[in-house]
Amino acid sequence: MTIASEAVSGAAAAVVESGQEATLSVFQYLLVYNAFSFTFATMAAATLFLWFGRSQVAPAYRTALTISGLVTFIAAYHYWRIFESWENAYSLQDGVLTVTGYAFNNAYRYVDWLLTVPLLLIELVLVMRLSQKETTSKALTLGFAAALMIVLGYPGEIAEDNATRALWGTLSTIPFLYIVWQLFVGLGKSIESQPENVRGLIKQARLLTFASWGFYPIVYMIPYTNLSGGAVQTGIEVGYTIADIVAKAGLGILIYLIAVRKSQAEYGEPARA
């Protein structure tokens with residue numbers, strides 16, 4: 001995902017006086033509030049599903065499900081922290097929304113992405129069960145490229161001017177394009193060597209990864225639209241939560257289905273293998 005800047009960043013937000021009326025409407029505040037709450041619940045439920053689902057697959061694929069569940073667990077933790085920060089940043093009383101003086105800290109997103117984005121690629125590589133050499137090589141290169149993408153994108157997030165933001169956004173696009181190339185070219189031959197009953201699912205997982213990551217720069221462009229004020233922040237926060245659900249919980253379900261089908265094809269009774 002090419003990391004986009006957000007118009008209102010927790011790290012770069014100006015200090016506001018407590019009790020000042022918020023630029024957000026009550027509806028916008030509650031929409032983001034409920035989006036964070038829903039995403040936390042989704043990630044937590046996905047974690048339990050993926051970890052308990054390990055018993056339904058052969059031992060060779062349990063590491064992939066463990067990592068997939070770890071991704072959603074990390075995301076659940078950070079969404080809980082984001083939810084708390086959002087709740088602490090505003091006060092809603094008698095239908096009036098005011099700021100409390102505590103800055104909303106969405107830097108949790110970047111900590112989350114730095115940990116989970118490399119793992120998302122690694123779980124996809126692991127479930128394909130390539131040779132040990134190829135698995136190690138692709139896991140290291142894709143994981144490093146993903147981490148570099150996040151690191152390069154962060155300075156753009158906290159930048160106060162569009163030129164700096166665009167510079168770092170462009171730099172973070174370079175490892176993103178490398179990852180896309182690896183997904184569609186580097187793994188292409190490996191997919192054809194997979195059992196026939198999972199090739200379609202692996203291609204769907206690859207496409208889902210590309211599509212969900214490609215959604216982040218779209219969210220990034222929201223500040224450059226005709227929207228302003230609370231609408232910008234609402235669009236960014238809700239947009240990123242949707243992308244996270246698809247990229248993490250959605251991919252996790254596909255990883256589980258791939259592991260189950262491969263286990264059945266290779267072992268017959270995966271849980272007893």
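## Exercises on the packing around helix α8

In this predicted model, the axes of α3 and α8 come within 11 Å and cross at roughly 20°.

**Exercise 1.** Decide whether α3 runs roughly parallel or roughly antiparallel to α8, and describe which residues make up their contact.

*Solution.* Start from the crossing angle of roughly 20°; since angles under 35 degrees count as roughly parallel, α3 is roughly parallel to α8. The crossing of these two helices, α3 and α8, is left-handed. Turning to the residues, α3 contributes Arg109, Asp112, Trp113, Thr116, Leu120, Glu123, Leu124, Val127 and Met128, and these meet a set in α8 that includes Glu237, Tyr240, Asp244, Lys248, Leu251, Ile255 and Lys262.

**Exercise 2.** Work out how α2 is oriented relative to α8, and list the residues through which α2 touches α8.

*Solution.* Helix α2 covers residues 62-89 and helix α8 covers residues 230-267; they pack at an angle of about 160°, and their axes lie 9 Å apart. Because angles over 145 degrees count as roughly antiparallel, α2 is roughly antiparallel to α8. Here, too, the handedness can be stated, for α2 passes α8 in a left-handed crossing. On the α2 side the contact is made by Ala64, Leu65, Ser68, Val71, Thr72, Ala75, Tyr79 and Trp86, while the α8 side supplies, among them, Gln233, Thr241, Ala249, Gly252 and Tyr256. The residues of the contact of α2 with α8 split into 10 nonpolar, five polar and two charged.

**Exercise 3.** Compare the length of α8 with the expected span, and say which residue follows the helix.

*Solution.* Helix α8 has 38 residues, and from its first C-alpha to its last it reaches 54 Å, which is close to the 56 Å expected at 1.5 Å a residue. The residue that follows α8 is Gly268, whose phi is positive, near 80°.

**Exercise 4.** Classify the ring pair of Phe36 and Phe104, and locate both residues in the chain.

*Solution.* The model has a count of 18 aromatic pairs. In the pair of Phe36 and Phe104 the ring centres are 6.2 Å apart and the planes are at 25°, so the pair is stacked. Phe36 belongs to helix α1 (residues 26-52), whereas Phe104 sits in the loop between β2 (96-99) and α3 (108-128), so that the pair links distant parts of the chain, 68 residues apart.

How values were computed: Residues numbered from 1 in each chain as written. Predicted model: local features only at pLDDT ≥ 70, side-chain atom pairs only at ≥ 80, totals over all residues. Heavy atoms only, no water. Axes fitted to C-alpha atoms, helices over the stretch in contact; angles between N-to-C directions. Helix = DSSP H or I, 4+ residues; strand = E, 2+ residues; numbered from the N terminus. Parallel < 35°, antiparallel > 145°, perpendicular 65-115°, else oblique. Left-handed = near helix turned anticlockwise from the far one by under 90°. Contact = heavy atoms within 4.5 Å. Nonpolar A, V, L, I, M, F, W, Y, C, P; charged D, E, K, R; others polar. Expected span 1.5 Å × (residues − 1). Phe/Tyr/Trp six-rings, centres within 6.5 Å; stacked < 30°, edge-to-face > 60°.
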